[in-house]
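Open the model in your viewer and keep the sequence panel beside it. The tour below goes from stop to stop, saying what to select and what is there.

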Amino acid sequence: MIVVMEHGATQAQIDHVRDRIVALGLSAHLSQGEFRAIIGAVGDKQPEHQAILEAMEGVERVVPIMKPYKLASREFHEADSVVDVGGVPIGSGVTLIAGPCAIESRESLWRIAEAVRARGAAILRGGAFKPRTSPYSFQGLGVEGLKLLRAAGDAFGMPVVTEVMSIADVDVVAQYADMIQIGARNVQNFNLLAAVGETRRPVLLKRGFATTVAEFLMSAEYVLSRGNRSLVLCERGIKTFETELRYTFDVAAVPLIKHNTHLPVIVDPSHACGRREYVTALALAGVAAGADGVVVEVHDCPEAALCDGPQALLPDMFAEMTRQVGAVAKALGRELVPARTTRL
Ligand code: PEP
Ligand code: MN
């Protein structure tokens, strides 16, 4: 439930209500708005707890949250959340994230990082731990890849995002990356979600290809409930009866998730369709539907890519995508989020 404090409630009253929530055995999550404080209480028993809190000084009203996800819900936090990723805010405009599917070598990563930075990317992506369908496919460079990604991000002034697949690697990924990605295949790996929820690194959570929006938001709740509030969601396509493309891009998920939650939502058109010729069209659809950003795979020599070559945009295709996404954003009264101008 949500405890809405009166306009002008004192700090002592807010603290008292928060302490009471904790004493009732619930978890308390304070959200200090411009005009009033709101305290989320998770784990409540109705109607007793509501009645106790309603009787407290400084409390204006107590509202039950109807959704099964609490901290993710718009009821809990009305305004859109903005997540700072190494100095780049996601949720304050349209943020472009680009880079190779996998980190392959220092040379290729440097070339691609330089190319995407010059063509509008604000954040660099690249996989060091790759979730491959076949155990015989390239699995990623591991920690060596993380080090290269960090160095490339620093060299070109971009924060970096990369996937973690196992709890054992969470610390090392959090050490080198500005944002930790949970891939589609791990969206319901609840222990891994809890582990990244324990860190204070921003998390990029991708929707599973067989995950409903409601299930996806319960996964988000796992991260938030561990205290990590820096969470961005990503629609990346789901399995349907259509087999022509890799997955089916569920564009309706974008406004649906944004209606029900306060979390930024970005789209990944590369994995959604699997073919470079359709990536820009899906990126535009996602942004027109309200997405806060786009993550795409870019490679300067896709035929030599060790992973996902067919869906990689060439650098100049990415430049054109940036131009078109910028135009759509502008038409909707939004702006592309600029890249950092300085190293942090
Ligand atoms: C990726 O972004 O590198 C990736 C593997 O994506 P997904 O988890 O969406 O398949
Ligand atoms: Mn990929």
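This is a predicted model: local features need pLDDT of at least 70, side-chain atom pairs count only at pLDDT 80 or more; totals for chains, interfaces and linings use all residues.

Begin by selecting Ile238, which counts as buried at 16% relative accessibility; buried means under 20% relative accessible area, exposed over 50%, and partly exposed in between (1.4 Å probe, protein chains only). Ile238 lies in the loop between strand E12 (231-235) and helix H8 (253-260). Helices (H or I, at least four residues) and strands (E, at least two) are DSSP runs, numbered from the N terminus.

Residues are numbered from 1 along each chain as its sequence is written, chains are lettered from A and ligands numbered from 1 in the order in which they are written, and side-chain values use heavy atoms, with hydrogens and water left out.

**The metal site**

Next, select ligand 2, a manganese ion. Which residues coordinate the manganese ion? They are Cys101 (SG), His271 (NE2), Glu297 (OE) and Asp308 (OD), at 2.0 to 2.5 Å. Donors here are N, O and S atoms within 2.8 Å of the metal (3.2 Å for Na, K and Ca); water is not among the atoms, so sites may look incomplete. Along the chain, the donors of the manganese ion follow the spacing C-x169-H-x25-E-x10-D. Cys101 and Glu297 link distant parts of the chain, 196 residues apart. Cys101 is in the loop between strand E7 (95-99) and helix H3 (106-118), and Glu297 is in strand E14 (residues 293-297). Cys101 is buried, with a relative accessible area of 5%, and Glu297 is buried at 1%.

Stay with Asp308, in the loop between E14 and helix H11 (315-331). Asp308 is buried too, with a relative accessible area of 17%. Its phi is near 60 degrees, a positive value in a residue other than glycine. Most residues other than glycine have a negative phi, and most peptide bonds are trans.

Now select ligand 1 and show the residues around it: Arg125, Lys130, Pro131, Glu163, Gln181, Gly183, Ala184, Arg185, Lys206, Arg236, His271 and Glu297. A residue is included if one of its heavy atoms lies within 4 Å of the ligand. His271 and Glu297 are also among the residues that coordinate the manganese ion.

A polar side-chain atom of Arg125 lies 2.8 Å from an oxygen atom of ligand 1, and one of Gln181 lies 2.9 Å from an oxygen atom of the ligand. At Ala184, a polar backbone atom is 2.7 Å from an oxygen atom of ligand 1. Taken alone, ligand 1 exposes 300 Å², and the protein buries 96% of that.

**Other stops**

Go to the peptide bond from Gln46 to Pro47, which is cis, with omega near -5 degrees. Pro47 is in the loop between strand E3 (37-42) and helix H2 (48-54).

Then select Gly208, in the loop between strand E11 (203-206) and helix H7 (213-225). Is Gly208 buried or exposed? Gly208 is buried, with a relative accessible area of 1%. Its C-alpha atom is separated by 14 Å from that of Ile266, 58 residues apart along the chain.

Finish at Ala285 in helix H10 (residues 276-288). At 33% relative accessibility, Ala285 counts as partly exposed. The C-alpha atoms of Ala285 and Val251 are separated by 7.1 Å, and the residues are 34 apart along the chain.

Note on methods: A polar contact is a pair of N or O atoms within 3.5 Å; within protein, one must be able to donate a hydrogen and the other to accept it, and residues adjacent in sequence count only if both atoms are side-chain atoms. Accessible areas come from the Shrake-Rupley method with a 1.4 Å probe; for residues, only the protein chains shown count as cover.
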